[in-house]
Amino acid sequence: MCHLVQKYNVPGPRYTSYPTVPYWDLDSFSEKQWRSSILRAFQESSDEGISIYIHLPFCESLCTFCGCHKRITKRHELELPYIQNVLKEWELYCDILGSRPLIKELHLGGGTPTFFTPEHLQMLVNGILRLGKKAEDIEFSFEGHPNNTTKAHLQALYDVGFRRVCFGVQDYNLTVQRAINRIQPFENVKNVTEWARQIGYTSVGHDIIYGLPFQDCANVEETIMKTNALKPDRIAFYSYAHVPWIKGNGQRGYKETDLPSSVEKRAQYEMGKRMLSQFGYKDVGMDHFALPTDDLYKAYINGTLHRNFMGYTSSKTKLMIGLGVSSISDSWYGFAQNVKSIEEYADLVSHGVIPIFKGHILNTEDQILRQHILNIMCQFNTQWGPDEEKMVDFGSILGNLSELQADGLVELGKDHIKVTEKGRPFIRNISMAFDLKLQRKQPDTRIFSMTV
């Protein structure tokens, strides 16, 4: 396996969308097309319901590992105006839909959602529900910071329908925590995990990151051992992405030499994955593990696992509306991203303008390839028919996969592929073979990309 790790170890997309953001056709995108695609998706799937992602960007301190869009501030008077603007944006979308949408999934991300008071979070969610209606099988979830999530936060969100929460753990070693500016004792994580269960949350998740500055295998082992003591229902075991040229000030706080080597990083991943398996967690897709009792694993088993800009989800909807700064919406037929400046966002929604600044409308080939990449990411196999072969060059795709087949990572047929057990860690490589936009714009791109 080691020689395959070296061979396939180059950066690649995470495929929370296809086409990926760098390959969106911005020139042909318009707000009119976006509105049409939203309405089409809504009308085609009104009984299915919609998903809503709300980005809450404020954080009191900068975690230097973070790649999310955020604003560092201690000014809590910013909470209410921001919520009011999010609700104005929601009203604009409801006007497009023309009737009260059935809300199947709602997720609060950040930033730090628990920067906001419990009362303001309830106000936000109740404002969303005022113009919509809850589905019977709702999945409401939020990202909680263990240092500032209170029992009152958990209770307030539970009272308006939340049953799933994910806490960012990252690593328990103090040296690593100092490097990433996230001092977070185990006791804090233990408290919020136990409070959530006492209140009645049915799924509690923990996020762990490997490849952090000064981190070694012993740190990862300690973190997973402590995590297992709390037995979260889901675990996201992510690779740290070091991109200081994109994220600037935070990730420039330590040197390249402070990071584990690619070999060390891979060892962290392999050890962590092995430990999670020993502790009863099932591999449900790239970076994600769940207990057999959790809905995410059940969705994987019954073939309903889905992946979008929120990552893996057990709840699939055709239409996902992103609210708040930098949020990305997905109508299946198109994508649109909101402006990233809080001030510009507020100005646009106050004037009745959908606050998007870029997007992409999918053509027929895009839609077909998107579905196949989604199948690979969620079910580790995909199959196509003769009608699709008239519209997509599957010959090139099979050619792209030939070397992965020779290495035992996939099994190929004339009209299907299956990822082998050996090939699961290389799921990005396999997906890249279907990424014809990437291949055309960078014809020399090798489809060698590891999860590390």
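## Terms and overall form

A strand, in the sense used throughout this report, is a DSSP run of E covering at least two residues, and strands are numbered from the N terminus. By that criterion Gln 170 is found in strand β6, a strand to which this report returns below. The model described here is a predicted one, and it contains 17 helices and 19 strands.

The protein has 452 residues and a radius of gyration of 21 Å, which agrees with the value near 22 Å that a compact globule of this length would have. Its C-alpha atoms fill a box of roughly 60 × 50 × 40 Å along the principal axes, and buried residues make up 57% of the chain. Among contacts with a separation of 6 or more, 73% come from residues 24 or more positions apart.

## Strand β6 and its partners

Strand β6, residues 162–170, is largely enclosed by the rest of the structure, because 8 of its 9 residues are buried. It pairs in the parallel sense with strand β5 (residues 133–144) over 5 bridges, and in that pairing Phe 142 stands opposite Val 165 of β6. Strand β7 (residues 203–210) also runs parallel to β6, to which it is joined by 6 bridges, with Cys 166 standing opposite Gly 205 in β7.

Gln 170 in β6 has a phi near 70 degrees, a positive value in a residue other than glycine. With a relative accessibility of 6%, Gln 170 counts as buried, since the cut-off for that class is under 20%.

## Helix α2 and its covered face

Helix α2 comprises 14 residues, 31–44, and reaches 20 Å from its first C-alpha to its last, close to the 20 Å expected at 1.5 Å a residue. Its buried residues are Trp 34, Ser 37, Ile 38, Ala 41 and Phe 42. Seen down the axis of α2, these buried residues fall within an arc of 130 degrees, so they line one face of the helix. An α-helix has 3.6 residues a turn, so residues three or four places apart point the same way.

The cover over the buried residues of α2 includes helix α3 (79–97) together with the strands β1 (50–56), β14 (328–330), β15 (334–338) and β16 (356–361). On the other side of α2, Lys 32 and Gln 43 are exposed.

Helix α10 has 17 residues and spans 24 Å from its first C-alpha to its last, close to the 24 Å expected at 1.5 Å a residue. Among its buried residues are Arg 266, Tyr 269, Met 271, Met 275 and Leu 276. Val 263, which lies in this helix (residues 262–278), counts as exposed because its relative accessibility is 53%. Val 263 and Ile 180 are 83 residues apart in sequence and 21 Å apart in space, C-alpha to C-alpha.

Just after α10, Gly 280 takes a positive phi of about 100 degrees. Strands β9 (residues 282–285) and β10 (residues 288–290) pair in the antiparallel sense over 3 bridges, and Lys 282 has Ala 290 in β10 as its bridge partner. The two strands form a hairpin with 2 residues between them, and Asp 287 in the turn has a positive phi of about 75 degrees.

## Loop residues and cis peptide bonds

Ser 315 has its place in the loop between β12 (311–313) and β13 (320–323), and it counts as buried because its relative accessibility is 4%. Leaving aside neighbours within four places in sequence, Ser 315 is in contact with Lys 104, Glu 105, Glu 139 and His 306. Its C-alpha atom and that of Gly 395, 80 residues away along the chain, are separated by 33 Å. Phe 380, in the loop between α13 (364–379) and β17 (381–383), is likewise buried, with a relative accessible area of 4%; its phi is near 65 degrees, a positive value in a residue other than glycine.

A cis peptide bond joins Tyr 18 and Pro 19, with omega about -5 degrees, and Pro 19 lies in the loop between α1 (2–7) and α2. The peptide bond from Gly 110 to Gly 111 is cis, with omega near 15 degrees, and Gly 111 sits in the loop between β4 (102–110) and α4 (118–130).

Definitions and conventions
Residues numbered from 1 in each chain as written. Predicted model: local features only at pLDDT ≥ 70, side-chain atom pairs only at ≥ 80, totals over all residues. Heavy atoms only, no water. Helix = DSSP H or I, 4+ residues; strand = E, 2+ residues; numbered from the N terminus. Expected span 1.5 Å × (residues − 1). Buried < 20%, exposed > 50% of the residue type's maximum accessible area, 1.4 Å probe, protein only. Arc of directions from axis to C-beta. Contact = heavy atoms within 4.5 Å. Pairing = 2+ DSSP bridges. Rg over C-alpha atoms; globule rule 2.2 N^0.38 Å.
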